[in-house]
Amino acid sequence: MRTLKKALSLVLVLAMVFALAVPGFAANTAKKASDFKDYSKVTNKEAVDVLTAIGVINGNADGTFAPEGNFTRAEAATLITYLTLGKTVADALPTGATQFTDVPATHWAAKYVQYCAQEGIVAGVGNGKFDPDAKLTATQWALMLLGALGYKASNEGIGGTGWEIATTKLAMTAGVASAEDLTATFNRDMAAKMALNTLTANMVEYKTTGTNITIGDTTISTGASTATPVEGSTTDGSNYDGKTGDGKMQFCEQHFKTLKLGSTTDDFGRTANVWKLGTTTVATYAKAADLTYTTTVKGSTLYKDLGLTKTFNGTVNYAVNGGSASVTSYDGVAKTSAWTIGGNGTVTEVYKTVDTNGDLTALNIVEIQTFIGQVTAVTKATSTTERTVTVAGRTFTTNEFAVDDYVLYTLGNSKIQSMKAAPVAATGKVTAVNSTTGKE
């Protein structure tokens, strides 16, 4: 039987951790995630962009982020130190021997590991070892992040056989990870996503800590209260989510007071998050749509999919490639609506706005069309690893294409937003492209 002590020795890093640091490559708040040579391989760009902007992610010495790489215990301990102390203080920590035999003073993460050990943030794996290069799983990472928010494993019944189930349940409840996050392939990219979730999650505390009882190798807590949100300022306007006076303290409110999250629309017209660090905008990221279609959508279909029981005549914003549009014969979103939008090859996304009672108050409907074009020019960009390509008179920064390549691209607010190679799906070749419609 796996005991609580053994389980925690594998994973317990009770503080917010995520630093992909290597020797000689310290966190740099002026760095942009898009500067990583392999940025195009990053899936969770919102997480990587924000964490890089606040100096938490630094990348590798070769200028890569390695999103598909493993995330280790030494890297985790390093980022704990950056998050809890800040870059300047963390880098100034003295370098010396650690209490672990496998982390000598010459190890690149020695001072970060020792700091975390002295603070009770990390535990070894037994026999005086830390196992700095051990790979983490998504569930282990979730337990670490829960600790960062103030959750105590002993108080939450996390330990022994089945600790993974208890951790998974709590992580989902706390907003650290979704079921999909915990079952997907775990790598640096996914670790970044879960870390971003933790930045925006509520910190908790126990009004009554209870008493720890150790029986053999198992430790449990008795008499402890349940976890409750840490009270935040009722007047602080720096809340990441703009909820001034919500009375709850999020992780980033305590550690990154100038980091703010607001709501806006992106160049496609989609409902989006906008992150700012002070007055500087980090970037804008579309939220997950409530409904998505890739074929023609009828008003009656939308009525059904929204679960409506009566005609919706509230505000409806409709955009095609970022430009405002109108629906012919629009008669509200009714059970018998005959109007249609979208079409094959077009992505149609629907975003709902609801009030505090959960009632629908507005709809944001966005169409994103895909065009085909040919690269007519390639010029050097400011980065040595990127180039600006020209397609249909518009430019896009990428390092993946050459002159005469055929590409598929999307437009938002009259600018190219994405681009990928046009697949060869039929015999022959493209002989001409309509520069106006972007069609073959």
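The following exercises with worked solutions concern a predicted model of a protein.

Residues are numbered from 1 along each chain as its sequence is written. In this predicted model, local features need pLDDT of at least 70, side-chain atom pairs count only at pLDDT 80 or more, and totals for chains, interfaces and linings use all residues, while side-chain values use heavy atoms, with hydrogens and water left out.

**Exercise 1. The protein as a whole**

Task: State how many helices and strands the protein has, and what percentage of its residues is buried.

Solution: Begin with the elements, which are DSSP runs numbered from the N terminus (helices: H or I, at least four residues; strands: E, at least two). The protein has eleven helices and 18 strands. Next, consider burial, where buried means under 20% relative accessible area, exposed over 50%, and partly exposed in between (1.4 Å probe, protein chains only). Of the 440 residues, 45% are buried. Finally, turn to contacts, which are heavy atoms within 4.5 Å. Among contacts with a separation of 6 or more, 59% join residues 24 or more positions apart.

**Exercise 2. Helices H2 and H9**

Task: Determine how H2 and H9 are oriented to each other and which residues meet.

Solution: First, locate the helices: H2 covers residues 45-53 and H9 covers residues 188-199. Their axes lie 8 Å apart at an angle of about 70°; axes are lines fitted to C-alpha atoms, for helices over the stretch in contact, and angles run from 0 to 180 degrees between N-to-C directions. H2 and H9 are therefore roughly perpendicular, the class for 65 to 115 degrees (under 35 is roughly parallel, over 145 roughly antiparallel, the rest oblique).

Second, list the residues. From H2, Glu-46, Ala-47, Val-48, Val-50 and Leu-51 meet Asp-189, Ala-192, Lys-193, Ala-195, Leu-196 and Leu-199 of H9. By class, this contact has eight nonpolar, no polar and three charged residues. Here Ala, Val, Leu, Ile, Met, Phe, Trp, Tyr, Cys and Pro count as nonpolar, Asp, Glu, Lys and Arg as charged, and the others, Gly among them, as polar.

Third, examine the cover of H2. Eight of its nine residues are buried, so H2 is largely enclosed by the rest of the structure. The buried residues of H2 pack against H9, strand E5 (259-265), strand E6 (271-277) and strand E7 (280-286). After H2 comes Gly-55, with a positive phi near 80°.

**Exercise 3. Helices H3 and H5**

Task: Describe the packing of H3 and H5 and the classes of the residues in their contact.

Solution: H3 (residues 73-85) and H5 (residues 110-118) pack at about 70°, with axes 8 Å apart. H3 and H5 are therefore roughly perpendicular. On the H3 side the contact includes Ala-77, Ile-80 and Tyr-82, and on the H5 side it includes Tyr-112 and Cys-116. The contact of H3 with H5 comprises eight nonpolar, three polar and no charged residues.
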